[in-house]
Amino acid sequence: MRASGRETGPPAPRAGAPHASASRVAREAAVRAREGSVAPRGRILLACCLSASALVTLAAPAALAQPGPPADAVVAPQILEHVDPVYPPERLAEGVDTTVTLLVTVEKDGTVSDAVVAESGGAGFDEAAMKAVRRWRFSPALRGGAPARARIRVPFHFAPGPHEEQPEPPARPDRPEASPPPAPPKPVEFAGGVAGPHAVAEPGKPIEIHVQGRPNPPRRASSDFRIGRAALTAAPHASAADLLRTAPGVHVAHPEGEAVAQRIFLRGFDAEHGQDIELRVGPIPLNQRSHVHGQGYADLNVVIPEVVRSLRVVEGVYDPQQGDFAVAGSAYFDLGVEERGLLLKGTLGSFNTRRLLAIWAPEAQSEDTFGAAAVRTTDGFGDGTRGAISGAAVGQYRMYLPDEFSLLLHVAAHGSRANLAGVLRRDDIAAGRVGFYDAYRDPSARSQSAASTRLQLGLLAERADDDGSQKSAWLWAMTSGYRSRMNFTGYTQRSRVRPAWAGRGDLVEQSNQDVALGGGLAYRTPRVPLASWLTGQVAVGAEVQTDGIDQAQNLLQPPQNETWDRRVDASIQLTGIGVHGDALLELSRWARLRGGARADVLVFDVDDRLGNFIPAFQKETHIEGFRRTAAGVAFGPRATLEVDPLPELRLSAAYGHGYRSPQARQLEEGENAPFATVKSYEVGATLRPGGGLSATAAAYETRLSYDLAFDAAEGGLARIGPTTRRGLVVYLQAAPSPMLTAGVSATLAHATLDAPPPPTPENPTPPYVEGQQLPFVPPVVVRADLSVKRPLVTIAGRPIVGRLGYGATFLSARPLPYAQTAAPLLVMDASLSLRRSLRAGGDAAQEGPWIEVGVEAQNLLDAQHADTEYSFVSSWQTTPLPSALPARHISAGPPRTILGNVTLSL
């Protein structure tokens, strides 16, 4: 604990200030005082002046000098539970140093019933201070030994950097006070303020509690976006994956149903189910190495969207902490619940969709501490082939340890099972042989389904000090299961085991079981002055992960789902070790150079039980199986230069060299594992003129040594040649007041294939040529989010607050294989809700208990659109003479969906 920038001894004991509570808050303040993760950075100094003086009869020094309080003495409230305000993320880059002073009414039971701004610190800061102080708890003021309502003055000091010693503010006993609330009895007013969790010996001397937001790594490029809860909740989002749409250039599709990972597009990349985007929840990676359905498979359904506190999306690979699959970039989910108490939410709507959500966030605990569970069922749109059942639970607990360390325990689980409708040929839809939202009547199409489970456990210990240093260590474990049955091509396959077997349906069954264990260490040194104009800092870290994976892929014949061909039966042991280092050189306050490198070693042990396959028409010469080991090293430098020519303008240039690990079953014995390497370049600028406005523009180029593309015949990914992406990102944000939040982004991407994939016996004519635009990638992605909320009317002394949310996504026409083109896409979502406090005098916009009734519409204009379009050869036997030419296929996007919900917060 540091008071006014100086070391202090233990505070003098004081009546009404429990030592246990003070010790807990001191640890919390020290632990959270850090630079740096996915939410606002910046130091918040809470300066609370100790004074028992009041605008009544007794002065503080006289009162404190007495051995015991007189019969009519007035004793100020004392803080029992303290919630830290968060530095507003939209103001962080401005470097604002300001103070907000609140007049706070403390009731006889120690709760805060009212708070008004006495001295404004500016947009964002007033709201942050109000939001925090409403959750404080006090021992009540005493008048003659009896509890009394009190009105106190509480100043909050927000500063963006390490705290400099502040002069003590002069006493202002003559300062006029705001009128107290009309409710009787009139509160006692304390002009000097109230003591914080730690008292000081001299009355009236300010103390400072060093508080800081959640760890927030420095930005590595202009397109390093930090998205807060206000922006995430502007438009309705059905899943945590849909929250990614708020980041520029990101589009999320659900072509394979609710039990399969979402398909993500980012800045010219078709990341399929996560192959090119590193996805994490805290320190836990969500990408799975060597998944049978797709490299880097990441199912985001394990995250409940209502507990995502903030989101960081790094578009590009410029940070040494970015690891495997950070090709297009990385996305980090930060979990936390700001509104404390019990929340229950029920949803009912189109297609018999039902969802129940419960969140418990104990009062007087960190935002990191909560428990949440959700259950959802739906019949799905169309002709009854998209029904699904799913459940998820997430829990976290933050505890405080000796020596100012904190420990965060995370546990999450998810399970789901869904029927799938598969794909439809465009020509069959146009001829009326099948409806747009239907599925083929064929048994092989009606047997499609998927089921997935995931359980993960994480433990993170960390400590951050006022000198900028930070230590952290983490350990995590995960187990997941996946099984799907999908048919993309109808009846085209022939058995490898028995070549005479054909025409039994291309229903591909895939299963993947993965058990993983990992952990890591990280340390950041204090900032060290190297010269009067230069400071430096170094950060190092290491990560380890080991996986045990079982994979299988077969062809099934419905309705008994008999296996009629075997394609994959393998076990994989995979271990990875990564180390990274990063250095900072800061030239005065107008320029910073960050540079570092990352190196990863991966070791593979593959037992391919169908390797060295013997076709039935050949003489047997050996027993099937191909056991092999391989290893590889990936190394890449990363660097960022930032220059601030003006206080409101930041220019940056960044370079990064990243990698994607290979599919283990594709490796040969002793092979130097062929990592896909990526080189990314970016120049950009960010302008923050103030008033909650910001604008970012960035130009980028990304070169990938080899790429992956969807292969319909195998229901997975196939390797193609090297690719290049060039483009431009523009992102505008506006948060001029707490009642209005808006964001608009546009991303242009020109993605091309630099060299065609080589022909193979299985595919002698690949559907790709040199220089063509990459299939499935939208050249233009535009996204808009808007949220408006305001009090509408007051009934029986309780305001009703209305909120309107809107989100829209536009995708330009997308190229497909075989010179086909997908149609443009425009989808709009909207929500409307009314919230009312259940407590007399409560503010429905800030405080519970409250009740909210809302409705949301997804695909508001009921646009008939394809969630994803493909082009490949198929035979669904819908015509007497099936065509052997490639045809366009679609996976239908959902029609207009209306959901009503009721939320109760207690």
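This is a predicted model: local features need pLDDT of at least 70, side-chain atom pairs count only at pLDDT 80 or more; totals for chains, interfaces and linings use all residues.
1. Gly228 stands opposite Ser310 in strand E20. This pair belongs to the contact between E14 and strand E20 (residues 308-315), which pair in the antiparallel sense over five bridges. Strands (E, at least two residues) and helices (H or I, at least four) are DSSP runs, numbered from the N terminus. Two strands are said to pair if DSSP finds at least two bridges between them.

2. Residues are numbered from 1 along each chain as its sequence is written, and side-chain values use heavy atoms, with hydrogens and water left out.

3. The protein has six helices and 51 strands. Of its 906 residues, 56% are buried, where buried means under 20% relative accessible area, exposed means over 50%, and partly exposed lies in between (1.4 Å probe, protein chains only). The accessible surface comes to about 34,900 Å², and carbon and sulfur atoms account for 61% of that area. Accessible areas come from the Shrake-Rupley method with a 1.4 Å probe; for residues, only the protein chains shown count as cover.

4. The sheet that holds Gly228 may now be described as a whole. Five strands form an open sheet in the order E14-E20-E21-E18-E19, and the pairing is mixed. Strand E14 (224-228) and strand E19 (284-285) are at the edges and have a single partner strand each, so one side of each is left without a neighbour in the sheet. Strands of a sheet pair through backbone hydrogen bonds, either parallel or antiparallel.

5. Another open sheet contains three strands in the order E15-E16-E17, with antiparallel pairing. Its edge strands are strand E15 (250-253) and strand E17 (269-270), each of which pairs on one side only. Strand E16 (residues 263-266) is joined to E17 by two bridges in the antiparallel sense. Leu266 stands opposite Phe269 in E17.

6. Strand E47 (residues 825-837) runs antiparallel to strand E44 (residues 798-811), and 12 bridges join the two. Within this pairing, Val801 has Arg835 in E47 as its bridge partner. E47 is also joined to strand E48 (residues 850-858) by eight bridges, again in the antiparallel sense. Here Ser831 stands opposite Glu856 in E48.

7. The largest nonpolar core has 51 residues, of which Leu244, Leu279, Phe333 and Leu335 touch the most other members. A nonpolar core is a set of buried Ala, Val, Leu, Ile, Met, Phe, Trp, Tyr and Cys residues joined through side-chain atoms within 4.5 Å. A second, separate core of 22 residues includes Val100, Val106, Ala129 and Phe138.

8. Helix H3 (residues 125-133) is mostly covered, with seven of its nine residues buried. Among them are Phe125, Ala129, Met130 and Val133. The buried residues of H3 pack against strand E6 (98-106), strand E7 (112-119) and strand E11 (150-159).

9. Is Lys345 buried or exposed? Lys345 counts as buried because its relative accessibility is 18%. Lys345 is found in strand E22 (residues 341-349). Leaving aside neighbours within four places in sequence, Lys345 is in contact (heavy atoms within 4.5 Å) with residues including Glu306, Arg355, Asn901 and Thr903. The C-alpha atoms of Lys345 and Asn901 are separated by 6.8 Å, although the two residues are 556 apart along the chain.

10. Ala413, in strand E26 (residues 406-419), is partly exposed, with a relative accessible area of 28%. Ala413 touches Val302, Gly391, Ala392, Ala393, Arg454 and Leu455, not counting residues up to four places away in sequence. Its C-alpha atom and that of Leu457, 44 residues apart along the chain, are separated by 8.9 Å.

11. The second largest cavity holds about 240 Å³ of space. Its lining has 22 residues, and Arg280, Pro285, Arg289, Glu543 and Gln545 are the closest to its centre. A cavity is a set of points, on a 1 Å grid over the protein atoms alone, where a 1.4 Å probe fits but cannot get out; lining residues have an atom within 4 Å of a point.

Methods: On a 1 Å grid over the protein atoms alone, a cavity is a set of points where a 1.4 Å probe fits but cannot get out, and a pocket is an open set with protein on both sides within 12 Å along at least five of seven lines; lining residues have an atom within 4 Å of a point. Grid points are joined across faces, edges and corners, and a volume is the space filled by probe spheres set on the points.
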